[in-house]
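Have the viewer open as you read.

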Amino acid sequence: MSIEVKHLSFSYGDRPVLHDISFQVEKGEFLSILGPNGVGKSTLFRCVLGLLSGYTGQVLVDGIDSRSYSVREAAKHIAYIPQSCRPIFNYSVFDIVLMGRTSGLSTFRSPKKKDAESCLWAMDKVGISHLADRCFHRLSGGEQQLVLIARALVQNAPILMLDEPTANLDFGNQLLVLEQARNLAREGYTVIQTTHHPEQSYMYSDRILAIQKGRVLTEGTPEQVLTEDTMRALYGVDVNVVSLYNDNARICIPTHIIA
Amino acid sequence: MNEIEKKHRRTVLIMGVALIVCILASFLLGRYPVPFGELLGILGSKLGLPIGKFWTDQMEAAVWNIRLPRVIMSVLVGACLASAGASYQGVFQNPMASPDILGASAGAGFGAALAILLGASSVGITIGAFAASLVTVALVFTVSRHARGDRVLGLVLAGIMVSSLFQSGTSFLKLVADPNNQLPQITYWLMGSLSGAKWSDLGFVLLPVLIGLIPLLLMRWQLNVITMGDDEARAMGVNAPRVRLGIVICSTLVTASAVSVSGMIGWVGLVIPHMMRRLVGSDYRFLMPASMLGGGIFLLIVDNVSRNATTSGIPIGILTAFIGAPFFLWLITGKGDHYEH
């Protein structure tokens, strides 16, 4: 399922945050939204996800304005994987995953057997079946992130949105989660993440959208976006971009290190 | 359904059985002794079974007119307060929330005091308490709509302020009340007691109680999702503000019903949900029915103590505080959360 953002602008009161943002993500694509803090990345993310609705322009999900969906219908199209989740009460991993089934239930119903089966499938898929009965609070950040991915999968939504999924993770878990995200895109999910890591975006995603001061700075393949010029314009730093392994990876080295 | 869910379901079933046992035992307790066989005979004949009368009229009056309404009332009030507490804790994502967080109790107290001052009958007092309770919560809602910033926090703060206002109002009414008969009556009502429970009270509150409890029971899965926060709930297809409003209305209705007949009974709504979390975990699929049953059992036992242990009958509100506060201290200083794997 594709998602298309057309001329999206948003203001908090009279403070404009986003200006005329347009981009498109196709089915099976993994898009990274890259940009420094405070440029409207999160706002854009929330607009696309439907958590903010006071924007001008359109977010088209498979050609239909997402604002025309009810909350329940929207959840059947887009699933949200938050950066972290601190439930106020203790829930087991299985319970958390099961909550992903809610959009398929009427208001007065609780999950049934087939919902539980779906959870077993999703937990197996992301490799956390052994954690099912554990307390969510007690898991590591990486494990929690995988639980939230499993919860999004049982929602049966074709679009997955990850909000800085690697922000709280150690290095190993960052790669684990990114690999999961990329695999899901290969399977046909449309995957969007916000991130602070240009190098990881380069290695794992199909396209990168670079946002600066509420506008699209540039958008394209990782090769087009991860350049010295873009990094300077985006973050205001001078880096040397070094290509490695037949350009399968690029690293950014601050020029003052090698000067 | 995995093993843990089966275990929790079994626990809820056992609690249901325990409640029935407690109810039967409560009929046998009292200053006027009624043997078990006679008790079953009376209950059976009232249910329409063809049983020849082998009990005395006094036994029938004690069981049917005095103990039964009081027992049902204890169970209902306990179930209402505990389930409202569990619901408020969920929708406000605040483990310290209790049924009176939105001012329902303070309003009921004011309404009852005003009704007593105006010389109302006992039904009049119940109606006054119920109406004032709903008015108070409506006022809290109206005020919170104008609160800047976080809506949920605004609601809770408005609840605290309006509660305080109505408590002052009650204090004023106590000041102007006739110290010979009205003041003791107000004071006694505020302490909370089920000693005057009658069929008429029961008839008055039964409908609002059921209108509140049934949706709370049905919406318990949505309540789980709301505890994740509004954004996540929305992304999972739950319109959190709307569901929260529905749950708050139901919780308010059952709280207002309960306090209007029982007066102020503290601690049940805070302590029982936490006690039940230890038993069946945080999942509201089990926590909600467990809270209802647990609240019923708890208040029934405490009321039995209240009416049998002392000749004068200590008001139940005082006993629940005596039991609830130390228990809560034990709970928070105990071996941490129950669900540590």
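## The core and what surrounds it

The largest nonpolar core has 172 residues, and the members that touch the most others are Val97(A), Ala150(A), Leu160(A), Met161(A), Val77(B) and Cys80(B). A nonpolar core here is a set of buried Ala, Val, Leu, Ile, Met, Phe, Trp, Tyr and Cys residues joined through C-beta atoms within 7 Å. Buried means 20 or more other C-beta atoms within 10 Å of a residue's own; exposed means 12 or fewer, partly exposed is in between, and C-beta atoms are placed from the backbone. Helix H3 of chain B (residues 57-91) gives the most to this core, with 16 residues. As general background, nonpolar side chains in soluble globular proteins tend to be buried together.

A word on bookkeeping: this is a predicted model, where local features need pLDDT of at least 70 and side-chain atom pairs count only at pLDDT 80 or more, while totals for chains, interfaces and linings use all residues. Residues are numbered from 1 along each chain as its sequence is written, and chains are lettered from A and ligands numbered from 1 in the order in which they are written.

Back to Leu160(A). Leaving out residues up to four places away in sequence, Leu160(A) touches Ala79(A), Ile81(A), Ala152(A), Leu184(A), Tyr189(A) and Val191(A). Contact means that the C-beta atoms, placed from the backbone, lie within 7 Å.

Helices (H or I, at least four residues) and strands (E, at least two) are DSSP runs numbered from the N terminus, and two strands pair if DSSP finds at least two bridges between them. One open sheet has 6 strands with mixed pairing, in the order E6-E7-E8-E3-E9-E10 of chain A. E6 (78-81) and E10 (215-220) of chain A are at its edges with a single partner strand each, so one side of each has no neighbour in the sheet. The other open sheet has 4 strands, is antiparallel, and is ordered E2-E1-E4-E5 in chain A. Its edge strands are E2 (15-25) and E5 (64-65) of chain A, each pairing on one side only.

| Strand pair | Sense | Bridges | Opposite residues |
|---|---|---|---|
| E6(A) and E7(A) | parallel | 4 bridges | Ala79(A) and Leu160(A) |

What lies across E6 and E7 of chain A, running at about 170° to E6(A)? That's helix H5 of chain A (residues 141-154). Angles run from 0 to 180 degrees between N-to-C directions, with axes fitted to C-alpha atoms, for helices over the stretch in contact. Helix H1 of chain A (residues 41-49) lies across E3, E6, E7, E8 and E9 of chain A, at about 155° to E7(A). H1(A) also lies across E1, E2 and E4 of chain A, at about 120° to E1(A).

**Chain B and the interface**

Chain B has 14 helices and 0 strands. Buried residues make up 49% of its 341 residues. The C-alpha atoms of chain B fill a box of roughly 65 × 60 × 40 Å along the principal axes.

Where the chains meet, 30 residues of chain B are in contact with 34 residues of chain A. On the chain B side, H9(B) gives the most, with 5 residues.

Methods: Two residues are in contact if their C-beta atoms, placed from the backbone, lie within 7 Å.
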